Amino acid sequence: MEMQAGNCTETILTISALKKVYDGKAVLNGVDLTIHSGEVAVVIGPSGCGKTTLLKCINGLESHQGGRILFEGAVLGEGELKWALARQKIGMVFQSYDLFPHMTVLENIMLGPLRVQKRPKDEVYAQASELLDRVGLGDRQKDYPRQLSGGQKQRIAIVRALCMNPALMLFDEVTASLDPEMVREVLDVMLGLARQGMTMLIVTHEMEFAKAVADRIIFMDEGVITEESEAGAFFQNPRTERARRFLNTFYF
């Protein structure tokens, strides 16, 4: 289904008939999805429905057994767009922060741009400093991960991904491991990215956040997309009974 989100018209990601099988079971069973540049699409659905697997397939962390993924018109993992290059253009932030404990905040952020992209150190430092200021952590450059709260670590993980200058950002339940009081600071950063036009595909169980940030809601169940629509329309009047039952677990 070809959709436009807001003023987004340029297609950046196209997924066709994607299939992923674990131990004989189809975790993704023919997923079709199109993401437009500047769009914020939020994937929701019950646990085990394939949301995280979908993101991992897009970033090459999981192989797939059928279908294909096109990013900026090229087949991911093939030809000139090998995974090493694709992952520079597709940033991903996980539930776990995966920061190197022996490196400072600044060293964690600058590692990829310097070693993988071979960019000038002064340029990377300037960008890292600006991004840290933007997320309210400009004074923590020399700290180590052990000195940071969970919310601060997650904001650092977001900055690390952004410093690679990705065209698409994937977020996988980035607040799931945080204490409730730390969730807001991470979601505020993501809302800011949305306002700045960052293209994002977000998996979350935070329904209020999904309502606030999403251009489009993608509802998955049992390995397929069963419903997708503009965020306001989805939350006001989901079309499928399965989506209605899912939302009823959050809204009484």
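**Burial, sheet pairing and ring contacts in the predicted model**

Gln 154 is buried, with a relative accessible area of 0%, where buried means under 20% relative accessible area, exposed over 50% and partly exposed in between, as computed with a 1.4 Å probe on protein chains only. The structure is a predicted model, in which local features need pLDDT of at least 70 and side-chain atom pairs count only at pLDDT 80 or more, while totals for chains, interfaces and linings use all residues. Residues are numbered from 1 along each chain as its sequence is written, and side-chain values use heavy atoms, with hydrogens and water left out.

Gln 154 belongs to helix α5 (residues 150-162); helices (H or I, at least four residues) and strands (E, at least two) are DSSP runs numbered from the N terminus. A polar atom of the Gln 154 side chain lies 3.0 Å from the backbone oxygen of Phe 94. When neighbours within four places in sequence are left aside, Gln 154 is in contact (heavy atoms within 4.5 Å) with Val 93, Phe 94, Gln 95, Tyr 97, Val 174 and Val 186. Val 183 and Gly 150 are 33 residues apart in sequence, and their C-alpha atoms are 9.1 Å apart in space.

An open sheet of 4 strands, with antiparallel pairing, has the order β2-β1-β4-β5; two strands pair if DSSP finds at least two bridges between them. The edge strands, each of which pairs on one side only, are β2 (25-36) and β5 (74-75). Strand β1 (residues 11-22) pairs with β2 in the antiparallel sense over 9 bridges, and Lys 20 has Leu 28 as its bridge partner in β2. Helix α1 (residues 51-58) packs on this sheet and touches β1, β2 and β4 (66-71), its direction making about 120 degrees with that of β1; axes are lines fitted to C-alpha atoms, for helices over the stretch in contact, and angles run from 0 to 180 degrees between N-to-C directions. Because 6 of its 8 residues are buried, α1 is largely enclosed by the rest of the structure; the buried residues are Lys 51, Thr 53, Leu 54, Leu 55, Cys 57 and Ile 58. Gly 60, with a positive phi near 75 degrees, follows α1.

The pairing of β1 with β4 is likewise antiparallel and spans 5 bridges, with Phe 71 in β4 as the bridge partner of Leu 13. Between β4 and β5 there are 2 bridges in the antiparallel sense, and Leu 70 has Val 75 as its bridge partner in β5. These two strands, β4 and β5, form a hairpin with 2 residues between them, and Glu 72 in the turn has a positive phi of about 50 degrees. Within β2 lies Gly 30, which counts as partly exposed at 33% relative accessibility. Neighbours within four places in sequence left aside, Gly 30 is in contact with Ala 17, Leu 18 and Lys 19.

Strand β3 (residues 40-44) is mostly covered, with 5 of its 5 residues buried. In a regular strand the side chains alternate between the two faces of the sheet. Strand β3 runs parallel to β8 (residues 200-203), to which 4 bridges join it, and Met 200 in β8 is the bridge partner of Val 40. A further 4 bridges join β3 to the parallel strand β9 (residues 216-221), in which Phe 219 is the bridge partner of Ile 44.

Phe 219 also takes part in a cluster, in which ring pairs link Phe 219, Phe 234, Phe 235, Phe 246 and Phe 250. The structure holds 4 aromatic pairs. Phe 234 and Phe 235 form an edge-to-face pair, at 5.4 Å centre to centre and with 90 degrees between the planes; rings of Phe, Tyr and Trp (its six-membered ring) pair if their centres lie within 6.5 Å, planes under 30 degrees apart counting as stacked, over 60 as edge-to-face and the rest as tilted. Both Phe 234 and Phe 235 are buried. Lys 211 lies over the face of Phe 235, at 5.8 Å from the ring centre, a charge being placed over a ring if NZ of Lys or CZ of Arg is within 6 Å of the ring centre and within 35 degrees of the ring normal.

Methods. A polar contact is a pair of N or O atoms within 3.5 Å; within protein, one must be able to donate a hydrogen and the other to accept it, and residues adjacent in sequence count only if both atoms are side-chain atoms.
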